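User: I'd like to learn how to read a model like this one. Can you take me through it feature by feature?

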Amino acid sequence: MNNSRRSFDVLVVGAGPAGIAAACCATQGGVRVGLVDNNARPGGQIWRGEAQNSDVVDAASWLRKLASSRAEILAPMEVFAQPEAGKLATTSSDGVCELSYKRLILCTGARERFLPFPGWTLPNVMGAGGLQAVVKSGMDIAGKKVVVAGSGPLLLAVAAHLRAHGADVRAIAEQAPWSRLIRFGMALASRGRKISQAFQLKKQLSRIAFRAGCWVAAAEGNDKVESVTLRTERKTWKERCDYLACGFHLVPNTELASLVGCELRAGFVRTDDFQESSVSGIYCAGEPTGIGGLELSIAEGQIAGFAAAGRREKAQEYFGERKSQRRFSTALERAFMLRDELRALSSAETIVCRCEDVKFGRLREQPSWRAAKLQTRCGMGPCQGRICGPAVEFLFGWKAESARPPIFPVAVGSLAATACAK
Amino acid sequence: MPKAVSVTVNGAQVDATEDMTALVAILLSGTTALRRSVSGEPRGALCGMGVCFECGVTINGERHCRSCQIRCAQEMDIRTDE
């Protein structure tokens, strides 16, 4: 296996909106910038496959800016360990590469939160963003019956996207009640851009049943999902479907931040005014510092990029934008809080940890996350607790422990190569 | 237009394009179960972004490849976990 070394003044991990903004701003300072991502192309999840889509103004202009910048794009490449301070070990099809940096900017984004319910492990039950990502990668959804469920603004965007690709969206089930959504809508009303986005979505979603205070109680089917049971406080009914797209808002990807020693607060990376973490020289921008959406991620990315390149006066120009976007972040958190009924969906037989097939009944008997890992192997499979971790935190109040290397499974040869390099 | 490529899924030929992921090629072949879980349940893709490992298949002989993250290439041999 090849073993190479590269070094950068500023290394950015994650090529979503925050990472792209950070890399573009850092290169303006004339420093050597590297941008690593585990996807083949920059854009992250939200701008996946949007390079040619001129409707998405932000995406096209930022991707163009990145392409004409001097930032070196290292993709697809996955970071899996920190062999020593100032260095990250990565793998790609070319083998292991050790990346050294003077400043590091973590823009590792977020993933969907999944919650277990009977039948959620059936094929064709996917994340909301998950199904959207697969459609963006070329899957044909035309004519398929889809139920979109869970929580968060992503549900509407996903439903609109699937419908634009010909899907028959049978229902959108948002667990948050109308009362909280209306308050959220009022908060949006003070923001011209967000409200126009919301109206545009509403137009695209006309005649689709949108239900607030509604959640999936179960999914049924033999070899794949055939129907879902939807529930409100008043009634329960079945909806036939070919796909269930279900995700409960977002959780931050903080594994790498934990690994390099950044302090977390309430599950998010703590940063100062210049987006610098508790570790000097390591910055963080976007969803890992607080779920706040696209505009906040871009503002934080710009601040981190300029600050990491030593241009703090330029970074300060974006403080105002970040402050106003953070209000949206607070409104999001309040609006899409998870309802207690979601804790009561699993039966003893419902699988919670999909990697190790650990059932709810066994987990319920455990006193802690640590005990659950030791006794049941919950969270010990290849996803390393990324899927079941946020679920058990919601179900049992167990907090994830610190991340351990490798933060992604790697071939034994890669570990050996890192060891030899030391 | 993305370049057309021919891949095989469990031995059957599938016409795909270079910008499709291996996962999409598998779904095109009509297969919904990508792997069997440790207790034998059929599983399909969940997160679509390389985090959950539910879409792990064997690609060109290498096991546990996340099919949602890998793009199709000419003569790629994809095998779901029977």
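Analyst: Helices (H or I, at least four residues) and strands (E, at least two) are DSSP runs, numbered from the N terminus. This is a predicted model, where local features need pLDDT of at least 70 and side-chain atom pairs count only at pLDDT 80 or more, while totals for chains, interfaces and linings use all residues. Residues are numbered from 1 along each chain as its sequence is written, and chains are lettered from A and ligands numbered from 1 in the order in which they are written.

User: How many bridges join strand 4 of chain A to strand 5 of chain A?

Analyst: Three, and the two strands, residues 78-81 and 87-92, run antiparallel. For a landmark, find Val79(A), which sits opposite Thr90(A) in strand 5 of chain A. These strands make a hairpin with five residues between them, and Gly86(A) in the turn has a positive phi of about 85°.

User: What is the strand order in the open sheet of five strands in chain A?

Analyst: The order is 8-15-9-10-11, with parallel pairing. Strand 8 (125-126) and strand 11 (210-212) of chain A are at the edges with a single partner strand each, so one side of each has no neighbour in the sheet. Further in, strand 9 (residues 145-151) and strand 15 (residues 243-248) of chain A run parallel and share six bridges. Ser151(A) has Phe248(A) in strand 15 as its bridge partner.

User: Which strands does helix 3 of chain A touch when it packs on that sheet?

Analyst: Two ideas first. Residues are in contact if their C-beta atoms, placed from the backbone, lie within 7 Å. Axes are lines fitted to C-alpha atoms, for helices over the stretch in contact, and angles run from 0 to 180 degrees between N-to-C directions. Helix 3 (residues 128-136) of chain A touches strand 8, strand 9 and strand 15 of chain A, and its direction makes about 125° with that of strand 15. Helix 4 (residues 154-164) of chain A lies across strand 9, strand 10 (168-174) and strand 15 of chain A, at about 180° to strand 10.

User: Is helix 3 of chain A mostly covered or mostly open?

Analyst: Count neighbours: a residue is buried if 20 or more other C-beta atoms lie within 10 Å of its own, exposed if 12 or fewer, and partly exposed in between, with C-beta atoms placed from the backbone. Helix 3 of chain A is mostly covered, with nine of its nine residues buried. Among them are Leu131(A), Gln132(A) and Lys136(A). The buried residues pack against strand 7 (110-112), strand 8, strand 9, helix 4 and strand 15 of chain A, together with helix 1 (22-28) of chain B. Just past helix 3, Gly138(A) has a positive phi of about 115°.

User: How many residues of chain A are in contact with chain B?

Analyst: 30 residues of chain A contact 29 residues of chain B. On the chain A side, strand 7 and helix 3 are the elements that give two or more residues. Helix 3 of chain A gives the most, with five residues. To sort an interface, count Ala, Val, Leu, Ile, Met, Phe, Trp, Tyr, Cys and Pro as nonpolar, Asp, Glu, Lys and Arg as charged, and the others, Gly among them, as polar. The chain A side then divides into 12 nonpolar, 10 polar and eight charged.

User: What is the strand order in the sheet of chain B?

Analyst: Five strands form an open sheet in the order 2-1-7-5-6, with mixed pairing. Strand 2 (12-17) and strand 6 of chain B are the edge strands, pairing on one side only. Inside the sheet, strand 1 (residues 4-9) and strand 7 of chain B pair in the parallel sense over two bridges. One bridge partner to look up is Ile78(B) in strand 7, which goes with Val9(B).

User: What is the average pLDDT of chain B?

Analyst: pLDDT is the predictor's confidence in each residue, from 0 to 100. Chain B averages 94, and 99% of the residues score at least 70. The model as a whole scores ipTM 0.96 and pTM 0.93.

Note on methods. Pairing = 2+ DSSP bridges. Contact = placed C-beta atoms within 7 Å.
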